[in-house]
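Colleague: I should like to learn how to read the features of a model. May we take them one at a time, with the general idea before each case?

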Amino acid sequence: MQCLETESPRQRSRAALFSGVGALLVWVIGRMIMLHVFVKPSSNYITGDVQYYLSWVQSGQPDSAVLPEYPLPVVWFLKALHWSAGDSYFLPAFATTMLLLDALLAVAMWLDGHRAGALWWIVLVPFLGPIMWNRFDMVPAVCMGLAALWYRRHPAACGVMIALGAAVKLWPALLILPMISRHKAAIRRLIAFAVTGIALALASLLAGGWSRLVSPLTWQSGRGLQVESVLATIPMYQHFKNPAGGYKVEMSKYNAFEVFGSGVSAWQSISTILMALAVALAVGLALVSWRRDGLDHRSTVLADLVIIGALIVANKTLSPQYFVWWAAPAAMILDRVSGEQTSEEPPHPNPWVRTWCWVVALLLLLTAFLTQQLYPLNYAGIIGLPPGRTSTILLVGRNVMTIVTFAVCVVALVASLRMHRPAQPTSAPSAPRHAILKER
(Lines give C-alpha, C1' and ligand atoms only; values in the text may rest on other atoms or scores of the structure.)
Protein backbone atom coordinates (compact mmCIF):
# COMPACT_ATOMS: atom_id res chain seq x y z
CA MET A 1 0.00 0.00 0.00
CA GLN A 2 2.86 2.39 0.85
CA CYS A 3 4.48 1.62 -2.47
CA LEU A 4 1.29 2.51 -4.30
CA GLU A 5 1.00 5.76 -2.40
CA THR A 6 4.51 6.84 -3.49
CA GLU A 7 3.81 6.15 -7.18
CA SER A 8 3.44 9.18 -9.38
CA PRO A 9 0.32 9.68 -11.53
CA ARG A 10 2.49 8.99 -14.58
CA GLN A 11 3.64 5.65 -13.15
CA ARG A 12 0.06 4.70 -12.34
CA SER A 13 -1.08 5.61 -15.84
CA ARG A 14 1.71 3.52 -17.32
CA ALA A 15 0.79 0.55 -15.10
CA ALA A 16 -2.87 0.88 -16.13
CA LEU A 17 -1.83 1.00 -19.79
CA PHE A 18 0.27 -2.14 -19.50
CA SER A 19 -2.47 -3.99 -17.64
CA GLY A 20 -4.99 -2.95 -20.32
CA VAL A 21 -2.65 -4.09 -23.10
CA GLY A 22 -2.21 -7.41 -21.31
CA ALA A 23 -5.98 -7.90 -21.07
CA LEU A 24 -6.33 -7.04 -24.76
CA LEU A 25 -3.61 -9.55 -25.64
CA VAL A 26 -5.39 -12.29 -23.67
CA TRP A 27 -8.66 -11.39 -25.43
CA VAL A 28 -7.05 -11.61 -28.87
CA ILE A 29 -5.30 -14.92 -28.12
CA GLY A 30 -8.53 -16.41 -26.78
CA ARG A 31 -10.46 -15.44 -29.91
CA MET A 32 -7.68 -16.81 -32.12
CA ILE A 33 -8.04 -20.11 -30.30
CA MET A 34 -11.79 -19.98 -30.95
CA LEU A 35 -11.11 -19.41 -34.65
CA HIS A 36 -8.69 -22.34 -34.69
CA VAL A 37 -11.37 -24.60 -33.21
CA PHE A 38 -13.98 -23.26 -35.61
CA VAL A 39 -12.06 -24.12 -38.79
CA LYS A 40 -11.75 -27.78 -37.77
CA PRO A 41 -14.05 -30.16 -39.69
CA SER A 42 -15.49 -31.29 -36.35
CA SER A 43 -16.66 -27.74 -35.61
CA ASN A 44 -17.40 -25.71 -38.72
CA TYR A 45 -20.89 -27.21 -39.08
CA ILE A 46 -22.07 -25.00 -36.22
CA THR A 47 -22.98 -22.26 -38.73
CA GLY A 48 -26.15 -24.25 -39.43
CA ASP A 49 -28.31 -22.09 -37.19
CA VAL A 50 -27.11 -18.86 -38.81
CA GLN A 51 -27.82 -20.35 -42.23
CA TYR A 52 -31.26 -21.25 -40.92
CA TYR A 53 -31.82 -17.62 -39.90
CA LEU A 54 -30.66 -16.49 -43.34
CA SER A 55 -33.05 -18.85 -45.11
CA TRP A 56 -35.93 -17.31 -43.19
CA VAL A 57 -35.01 -13.69 -43.86
CA GLN A 58 -34.52 -14.56 -47.54
CA SER A 59 -37.96 -16.14 -47.76
CA GLY A 60 -39.79 -12.90 -48.47
CA GLN A 61 -42.51 -13.79 -45.97
CA PRO A 62 -44.01 -11.15 -43.69
CA ASP A 63 -42.36 -10.67 -40.32
CA SER A 64 -45.26 -12.39 -38.57
CA ALA A 65 -44.45 -15.65 -40.39
CA VAL A 66 -40.67 -15.59 -39.91
CA LEU A 67 -38.98 -17.62 -37.13
CA PRO A 68 -42.11 -18.18 -35.02
CA GLU A 69 -40.02 -19.77 -32.28
CA TYR A 70 -38.42 -16.41 -31.47
CA PRO A 71 -39.89 -13.04 -30.43
CA LEU A 72 -40.39 -10.56 -33.25
CA PRO A 73 -37.53 -8.23 -32.13
CA VAL A 74 -35.18 -11.07 -33.08
CA VAL A 75 -36.62 -11.05 -36.59
CA TRP A 76 -36.16 -7.28 -36.83
CA PHE A 77 -32.55 -7.60 -35.68
CA LEU A 78 -31.80 -10.34 -38.24
CA LYS A 79 -33.51 -8.45 -41.06
CA ALA A 80 -31.57 -5.30 -40.23
CA LEU A 81 -28.35 -7.32 -40.32
CA HIS A 82 -29.36 -8.89 -43.64
CA TRP A 83 -30.22 -5.47 -45.07
CA SER A 84 -26.76 -4.18 -44.22
CA ALA A 85 -24.69 -7.28 -45.10
CA GLY A 86 -26.70 -8.99 -47.84
CA ASP A 87 -26.73 -12.72 -48.54
CA SER A 88 -23.01 -13.10 -49.13
CA TYR A 89 -21.80 -11.45 -45.95
CA PHE A 90 -24.63 -12.33 -43.56
CA LEU A 91 -22.71 -15.10 -41.78
CA PRO A 92 -19.51 -13.10 -41.15
CA ALA A 93 -21.58 -10.04 -40.21
CA PHE A 94 -23.52 -12.10 -37.67
CA ALA A 95 -20.33 -13.55 -36.16
CA THR A 96 -18.70 -10.11 -36.04
CA THR A 97 -21.71 -8.66 -34.23
CA MET A 98 -21.46 -11.35 -31.54
CA LEU A 99 -17.70 -10.77 -31.31
CA LEU A 100 -18.25 -7.04 -30.78
CA LEU A 101 -20.83 -7.71 -28.07
CA ASP A 102 -18.34 -10.01 -26.34
CA ALA A 103 -15.75 -7.20 -26.44
CA LEU A 104 -18.30 -4.60 -25.32
CA LEU A 105 -19.03 -6.41 -22.08
CA ALA A 106 -15.33 -6.95 -21.34
CA VAL A 107 -14.56 -3.26 -21.92
CA ALA A 108 -17.54 -2.13 -19.83
CA MET A 109 -16.39 -4.26 -16.90
CA TRP A 110 -12.78 -3.19 -17.25
CA LEU A 111 -13.58 0.50 -17.30
CA ASP A 112 -15.86 0.13 -14.28
CA GLY A 113 -13.06 -1.46 -12.27
CA HIS A 114 -14.25 -5.06 -12.51
CA ARG A 115 -10.80 -6.21 -13.59
CA ALA A 116 -11.02 -9.77 -12.26
CA GLY A 117 -14.50 -10.18 -13.73
CA ALA A 118 -13.39 -8.81 -17.10
CA LEU A 119 -10.41 -11.18 -17.25
CA TRP A 120 -12.61 -14.10 -16.21
CA TRP A 121 -15.10 -13.26 -18.97
CA ILE A 122 -12.27 -12.95 -21.50
CA VAL A 123 -11.18 -16.50 -20.61
CA LEU A 124 -14.69 -17.95 -20.24
CA VAL A 125 -15.90 -17.21 -23.77
CA PRO A 126 -13.15 -19.29 -25.47
CA PHE A 127 -13.98 -22.12 -23.05
CA LEU A 128 -17.50 -22.15 -24.56
CA GLY A 129 -15.99 -21.97 -28.03
CA PRO A 130 -16.93 -20.59 -31.45
CA ILE A 131 -20.59 -21.44 -31.00
CA MET A 132 -20.80 -18.04 -29.31
CA TRP A 133 -20.27 -16.44 -32.74
CA ASN A 134 -23.00 -18.54 -34.32
CA ARG A 135 -25.92 -18.08 -31.94
CA PHE A 136 -27.53 -14.83 -30.83
CA ASP A 137 -27.57 -15.79 -27.14
CA MET A 138 -24.69 -13.35 -26.68
CA VAL A 139 -27.32 -10.60 -27.02
CA PRO A 140 -29.39 -11.45 -23.91
CA ALA A 141 -26.21 -12.46 -22.06
CA VAL A 142 -24.61 -9.05 -22.58
CA CYS A 143 -27.88 -7.37 -21.65
CA MET A 144 -27.92 -9.32 -18.39
CA GLY A 145 -24.26 -8.61 -17.76
CA LEU A 146 -24.75 -4.87 -18.22
CA ALA A 147 -27.88 -4.98 -16.06
CA ALA A 148 -25.85 -6.61 -13.28
CA LEU A 149 -23.08 -4.04 -13.74
CA TRP A 150 -25.43 -1.05 -13.70
CA TYR A 151 -27.78 -2.33 -10.98
CA ARG A 152 -26.94 0.40 -8.47
CA ARG A 153 -25.35 3.25 -10.41
CA HIS A 154 -27.72 3.32 -13.38
CA PRO A 155 -31.01 1.73 -12.29
CA ALA A 156 -33.04 2.93 -15.30
CA ALA A 157 -30.44 1.58 -17.74
CA CYS A 158 -30.45 -1.68 -15.77
CA GLY A 159 -34.23 -1.97 -16.26
CA VAL A 160 -33.92 -1.24 -19.98
CA MET A 161 -31.26 -3.95 -20.38
CA ILE A 162 -33.44 -6.57 -18.69
CA ALA A 163 -36.37 -5.64 -20.94
CA LEU A 164 -34.19 -5.86 -24.06
CA GLY A 165 -32.93 -9.26 -22.98
CA ALA A 166 -36.51 -10.42 -22.42
CA ALA A 167 -37.43 -9.16 -25.89
CA VAL A 168 -34.91 -11.62 -27.33
CA LYS A 169 -35.28 -14.70 -25.08
CA LEU A 170 -38.27 -14.03 -22.75
CA TRP A 171 -36.75 -15.65 -19.63
CA PRO A 172 -34.69 -12.57 -18.57
CA ALA A 173 -37.96 -10.90 -17.51
CA LEU A 174 -37.78 -13.00 -14.32
CA LEU A 175 -34.50 -11.34 -13.36
CA ILE A 176 -36.26 -8.08 -12.49
CA LEU A 177 -37.99 -9.79 -9.54
CA PRO A 178 -35.09 -9.80 -7.03
CA MET A 179 -34.63 -6.09 -7.79
CA ILE A 180 -38.06 -5.08 -6.51
CA SER A 181 -38.20 -2.78 -3.47
CA ARG A 182 -39.60 0.53 -2.29
CA HIS A 183 -36.41 2.48 -2.99
CA LYS A 184 -36.60 5.26 -5.56
CA ALA A 185 -33.86 3.58 -7.58
CA ALA A 186 -35.84 0.32 -7.66
CA ILE A 187 -38.94 2.20 -8.79
CA ARG A 188 -36.99 3.87 -11.61
CA ARG A 189 -35.57 0.50 -12.60
CA LEU A 190 -39.01 -1.11 -12.65
CA ILE A 191 -40.55 1.77 -14.62
CA ALA A 192 -37.77 1.63 -17.22
CA PHE A 193 -38.23 -2.15 -17.50
CA ALA A 194 -42.00 -1.85 -17.84
CA VAL A 195 -41.96 1.01 -20.36
CA THR A 196 -39.37 -0.69 -22.57
CA GLY A 197 -41.01 -4.10 -22.33
CA ILE A 198 -44.53 -2.80 -22.99
CA ALA A 199 -43.32 -0.73 -25.94
CA LEU A 200 -41.65 -3.75 -27.54
CA ALA A 201 -44.65 -5.98 -26.80
CA LEU A 202 -47.05 -3.46 -28.35
CA ALA A 203 -44.84 -3.12 -31.41
CA SER A 204 -44.79 -6.91 -31.75
CA LEU A 205 -48.56 -7.10 -31.30
CA LEU A 206 -49.20 -4.46 -33.95
CA ALA A 207 -46.75 -6.03 -36.37
CA GLY A 208 -47.71 -9.67 -35.97
CA GLY A 209 -50.92 -9.99 -33.98
CA TRP A 210 -51.62 -11.93 -30.82
CA SER A 211 -50.79 -15.37 -32.18
CA ARG A 212 -47.33 -14.18 -33.24
CA LEU A 213 -46.77 -12.44 -29.91
CA VAL A 214 -47.26 -15.71 -28.01
CA SER A 215 -45.85 -18.08 -30.64
CA PRO A 216 -42.47 -18.45 -28.85
CA LEU A 217 -44.33 -19.74 -25.78
CA THR A 218 -46.52 -22.15 -27.73
CA TRP A 219 -43.47 -23.36 -29.66
CA GLN A 220 -41.57 -24.01 -26.45
CA SER A 221 -44.47 -25.83 -24.82
CA GLY A 222 -44.69 -28.28 -27.72
CA ARG A 223 -41.03 -29.28 -27.70
CA GLY A 224 -39.79 -32.64 -26.49
CA LEU A 225 -36.84 -33.68 -24.33
CA GLN A 226 -33.67 -32.33 -25.92
CA VAL A 227 -30.71 -34.69 -25.77
CA GLU A 228 -28.43 -32.26 -23.90
CA SER A 229 -30.93 -31.23 -21.23
CA VAL A 230 -30.19 -32.10 -17.63
CA LEU A 231 -33.38 -34.14 -17.37
CA ALA A 232 -32.35 -36.19 -20.42
CA THR A 233 -29.19 -37.39 -18.67
CA ILE A 234 -30.62 -40.69 -17.41
CA PRO A 235 -32.48 -41.57 -20.65
CA MET A 236 -29.36 -40.73 -22.67
CA TYR A 237 -27.19 -42.87 -20.40
CA GLN A 238 -29.66 -45.74 -20.70
CA HIS A 239 -29.61 -45.24 -24.47
CA PHE A 240 -25.82 -45.57 -24.38
CA LYS A 241 -25.95 -48.75 -22.28
CA ASN A 242 -28.61 -50.33 -24.50
CA PRO A 243 -28.82 -48.67 -27.95
CA ALA A 244 -31.45 -51.18 -29.07
CA GLY A 245 -33.58 -50.59 -25.99
CA GLY A 246 -36.50 -48.28 -25.40
CA TYR A 247 -34.87 -44.95 -26.39
CA LYS A 248 -33.88 -43.39 -29.69
CA VAL A 249 -32.46 -40.02 -30.76
CA GLU A 250 -33.94 -38.19 -33.74
CA MET A 251 -34.22 -34.70 -35.18
CA SER A 252 -37.66 -33.37 -34.26
CA LYS A 253 -39.87 -30.93 -36.13
CA TYR A 254 -38.55 -28.28 -33.73
CA ASN A 255 -35.11 -28.42 -35.40
CA ALA A 256 -33.45 -30.07 -32.41
CA PHE A 257 -32.21 -33.54 -31.56
CA GLU A 258 -34.56 -35.03 -28.98
CA VAL A 259 -34.71 -38.35 -27.19
CA PHE A 260 -37.83 -40.45 -27.72
CA GLY A 261 -39.06 -43.49 -25.83
CA SER A 262 -41.55 -44.88 -23.37
CA GLY A 263 -40.13 -43.09 -20.34
CA VAL A 264 -39.64 -39.66 -21.90
CA SER A 265 -43.11 -38.36 -21.05
CA ALA A 266 -42.39 -38.80 -17.33
CA TRP A 267 -39.23 -36.68 -17.63
CA GLN A 268 -41.18 -34.03 -19.52
CA SER A 269 -43.74 -33.95 -16.71
CA ILE A 270 -40.91 -33.53 -14.19
CA SER A 271 -39.60 -30.64 -16.28
CA THR A 272 -43.00 -28.95 -16.18
CA ILE A 273 -43.08 -29.23 -12.39
CA LEU A 274 -39.51 -28.00 -12.00
CA MET A 275 -40.12 -25.02 -14.30
CA ALA A 276 -43.10 -24.04 -12.16
CA LEU A 277 -40.88 -24.31 -9.08
CA ALA A 278 -38.22 -22.17 -10.78
CA VAL A 279 -40.78 -19.42 -11.40
CA ALA A 280 -42.00 -19.78 -7.82
CA LEU A 281 -38.40 -19.43 -6.65
CA ALA A 282 -38.08 -16.17 -8.60
CA VAL A 283 -41.29 -14.88 -7.01
CA GLY A 284 -40.04 -15.95 -3.60
CA LEU A 285 -36.82 -13.99 -4.08
CA ALA A 286 -38.93 -10.97 -5.05
CA LEU A 287 -40.78 -11.30 -1.74
CA VAL A 288 -37.48 -11.52 0.14
CA SER A 289 -36.27 -8.37 -1.59
CA TRP A 290 -39.53 -6.54 -0.85
CA ARG A 291 -39.51 -7.50 2.83
CA ARG A 292 -35.92 -6.31 3.18
CA ASP A 293 -36.69 -3.16 1.17
CA GLY A 294 -34.18 -4.24 -1.43
CA LEU A 295 -31.10 -6.44 -1.61
CA ASP A 296 -27.52 -5.29 -1.76
CA HIS A 297 -25.77 -5.45 -5.13
CA ARG A 298 -23.98 -8.77 -4.62
CA SER A 299 -27.06 -10.54 -3.24
CA THR A 300 -29.15 -9.30 -6.16
CA VAL A 301 -26.75 -10.67 -8.76
CA LEU A 302 -26.47 -13.96 -6.86
CA ALA A 303 -30.27 -14.18 -6.78
CA ASP A 304 -30.33 -13.75 -10.55
CA LEU A 305 -27.69 -16.46 -10.92
CA VAL A 306 -29.87 -18.81 -8.87
CA ILE A 307 -32.88 -18.05 -11.08
CA ILE A 308 -30.86 -18.64 -14.28
CA GLY A 309 -29.46 -21.89 -12.89
CA ALA A 310 -32.91 -23.10 -11.88
CA LEU A 311 -34.23 -22.43 -15.39
CA ILE A 312 -31.32 -24.26 -17.03
CA VAL A 313 -31.64 -27.31 -14.77
CA ALA A 314 -35.43 -27.49 -15.03
CA ASN A 315 -35.78 -26.87 -18.76
CA LYS A 316 -36.51 -29.75 -21.11
CA THR A 317 -34.38 -27.97 -23.70
CA LEU A 318 -30.72 -27.12 -23.28
CA SER A 319 -28.31 -25.87 -25.90
CA PRO A 320 -24.57 -25.20 -25.33
CA GLN A 321 -24.90 -21.44 -25.73
CA TYR A 322 -27.31 -21.23 -22.78
CA PHE A 323 -24.37 -21.26 -20.38
CA VAL A 324 -23.31 -17.78 -21.47
CA TRP A 325 -26.57 -16.58 -19.85
CA TRP A 326 -25.10 -17.70 -16.53
CA ALA A 327 -21.61 -16.43 -17.19
CA ALA A 328 -22.24 -12.75 -17.94
CA PRO A 329 -23.84 -11.82 -14.58
CA ALA A 330 -21.42 -14.13 -12.73
CA ALA A 331 -18.50 -12.01 -13.91
CA MET A 332 -19.84 -9.07 -11.86
CA ILE A 333 -19.40 -10.72 -8.45
CA LEU A 334 -15.68 -11.54 -8.65
CA ASP A 335 -14.63 -8.01 -7.67
CA ARG A 336 -16.03 -5.65 -5.08
CA VAL A 337 -19.41 -4.46 -6.26
CA SER A 338 -20.84 -1.00 -5.70
CA GLY A 339 -21.54 -0.29 -2.05
CA GLU A 340 -18.71 -2.50 -0.76
CA GLN A 341 -15.95 0.10 -0.81
CA THR A 342 -17.55 3.06 0.95
CA SER A 343 -16.28 4.22 4.34
CA GLU A 344 -19.50 3.36 6.15
CA GLU A 345 -19.48 -0.24 4.90
CA PRO A 346 -17.04 -3.02 5.83
CA PRO A 347 -14.08 -3.00 3.42
CA HIS A 348 -14.97 -6.50 2.26
CA PRO A 349 -18.09 -8.61 2.17
CA ASN A 350 -18.03 -11.79 4.20
CA PRO A 351 -14.89 -13.61 2.94
CA TRP A 352 -16.89 -16.81 2.66
CA VAL A 353 -19.27 -15.08 0.24
CA ARG A 354 -16.36 -13.98 -1.93
CA THR A 355 -14.96 -17.51 -1.77
CA TRP A 356 -18.28 -19.03 -2.87
CA CYS A 357 -18.47 -16.52 -5.72
CA TRP A 358 -15.09 -17.68 -6.97
CA VAL A 359 -16.15 -21.31 -6.62
CA VAL A 360 -19.14 -20.51 -8.85
CA ALA A 361 -16.78 -18.92 -11.39
CA LEU A 362 -14.43 -21.90 -11.42
CA LEU A 363 -17.33 -24.35 -11.78
CA LEU A 364 -18.70 -22.33 -14.69
CA LEU A 365 -15.30 -22.48 -16.39
CA LEU A 366 -15.23 -26.25 -16.03
CA THR A 367 -18.83 -26.55 -17.20
CA ALA A 368 -18.05 -24.37 -20.23
CA PHE A 369 -15.01 -26.49 -21.12
CA LEU A 370 -17.01 -29.72 -20.92
CA THR A 371 -19.75 -28.09 -22.99
CA GLN A 372 -17.40 -27.27 -25.85
CA GLN A 373 -15.88 -30.75 -25.72
CA LEU A 374 -19.39 -32.15 -26.06
CA TYR A 375 -20.61 -29.69 -28.69
CA PRO A 376 -19.31 -29.38 -31.30
CA LEU A 377 -16.23 -31.57 -30.85
CA ASN A 378 -17.91 -34.85 -29.81
CA TYR A 379 -21.55 -34.31 -30.71
CA ALA A 380 -21.61 -37.10 -33.29
CA GLY A 381 -21.28 -39.59 -30.46
CA ILE A 382 -24.47 -38.26 -28.88
CA ILE A 383 -26.73 -38.29 -31.92
CA GLY A 384 -25.17 -41.26 -33.70
CA LEU A 385 -25.81 -44.95 -33.33
CA PRO A 386 -24.33 -46.56 -31.35
CA PRO A 387 -23.72 -43.70 -28.93
CA GLY A 388 -20.09 -42.93 -28.17
CA ARG A 389 -18.58 -43.62 -24.75
CA THR A 390 -16.58 -40.37 -24.63
CA SER A 391 -19.56 -38.29 -25.70
CA THR A 392 -21.81 -39.89 -23.10
CA ILE A 393 -19.25 -39.35 -20.34
CA LEU A 394 -18.96 -35.69 -21.37
CA LEU A 395 -22.75 -35.29 -21.38
CA VAL A 396 -23.19 -36.86 -17.95
CA GLY A 397 -20.23 -34.94 -16.52
CA ARG A 398 -21.37 -31.61 -17.89
CA ASN A 399 -24.92 -32.05 -16.60
CA VAL A 400 -23.69 -33.10 -13.16
CA MET A 401 -21.50 -29.99 -13.11
CA THR A 402 -24.55 -27.91 -14.03
CA ILE A 403 -26.43 -29.19 -10.99
CA VAL A 404 -23.40 -28.67 -8.73
CA THR A 405 -22.94 -25.11 -10.03
CA PHE A 406 -26.58 -24.33 -9.34
CA ALA A 407 -26.26 -25.72 -5.81
CA VAL A 408 -23.19 -23.58 -5.14
CA CYS A 409 -25.04 -20.50 -6.43
CA VAL A 410 -27.74 -21.22 -3.85
CA VAL A 411 -25.12 -21.59 -1.09
CA ALA A 412 -23.47 -18.30 -2.10
CA LEU A 413 -26.82 -16.51 -2.11
CA VAL A 414 -27.77 -17.84 1.33
CA ALA A 415 -24.37 -16.78 2.71
CA SER A 416 -24.82 -13.31 1.24
CA LEU A 417 -28.38 -12.92 2.54
CA ARG A 418 -27.29 -13.94 6.05
CA MET A 419 -25.08 -10.87 6.22
CA HIS A 420 -28.23 -8.69 6.24
CA ARG A 421 -26.55 -5.96 4.23
CA PRO A 422 -29.13 -3.27 3.32
CA ALA A 423 -29.74 -2.15 -0.23
CA GLN A 424 -27.49 0.85 -0.87
CA PRO A 425 -28.90 4.02 -2.37
CA THR A 426 -28.05 4.87 -5.94
CA SER A 427 -24.61 6.40 -6.24
CA ALA A 428 -22.73 8.34 -8.87
CA PRO A 429 -19.06 8.16 -7.89
CA SER A 430 -16.87 11.07 -8.78
CA ALA A 431 -14.02 8.79 -9.82
CA PRO A 432 -14.18 5.68 -11.98
CA ARG A 433 -13.92 2.34 -10.24
CA HIS A 434 -10.47 1.64 -11.69
CA ALA A 435 -9.22 4.73 -9.85
CA ILE A 436 -10.69 3.46 -6.59
CA LEU A 437 -8.87 0.15 -7.12
CA LYS A 438 -5.55 1.98 -6.86
CA GLU A 439 -6.33 2.81 -3.26
CA ARG A 440 -6.70 -0.81 -2.16
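**Reading helix, hairpin and rings**

Modeller: Let us begin with helix 11 (residues 264–291): its 28 residues at 1.5 Å a residue should span 40 Å, and the end C-alpha atoms are 41 Å apart, which agrees. The expected span is 1.5 Å times one less than the number of residues. Helices (H or I, at least four residues) and strands (E, at least two) are DSSP runs, numbered from the N terminus. This is a predicted model, in which local features need pLDDT of at least 70 and side-chain atom pairs count only at pLDDT 80 or more, while totals for chains, interfaces and linings use all residues. Residues are numbered from 1 along each chain as its sequence is written, and side-chain values use heavy atoms, with hydrogens and water left out.

Colleague: Which residues of helix 11 are buried, and what do they pack against?

Modeller: Buried means under 20% relative accessible area, exposed over 50%, and partly exposed in between (1.4 Å probe, protein chains only). In helix 11, Val-264, Ser-271, Ala-278, Ala-282, Leu-285, Ala-286 and Ser-289 are buried. They pack against strand 1, strand 2, helix 12 (297–314) and helix 16 (389–417), where contact means heavy atoms within 4.5 Å. Just after helix 11, Asp-293 takes a positive phi of about 55 degrees.

Colleague: In which sense do strand 1 and strand 2 pair?

Modeller: Two strands pair if DSSP finds at least two bridges between them. Strand 1 (residues 247–251) and strand 2 (residues 257–261) are antiparallel, with 5 bridges. The bridge partner of Glu-250 is Glu-258 in strand 2. This hairpin has 5 residues between the strands, and Asn-255 takes a positive phi near 60 degrees.

Colleague: How is an aromatic pair described?

Modeller: One gives the distance of the ring centres and the angle of the planes. Rings of Phe, Tyr and Trp (its six-membered ring) pair if their centres lie within 6.5 Å; planes under 30 degrees apart count as stacked, over 60 as edge-to-face and the rest as tilted. The whole structure holds 14 aromatic pairs. One of them, Tyr-70 with Phe-136, is edge-to-face, at 4.9 Å centre to centre and 75 degrees between the planes. This pair links distant parts of the chain, 66 residues apart: Tyr-70 lies in the loop between helix 3 (48–57) and helix 4 (72–85), and Phe-136 in the loop between helix 6 (115–128) and helix 7 (138–149). Tyr-70 counts as buried because its relative accessibility is 15%.
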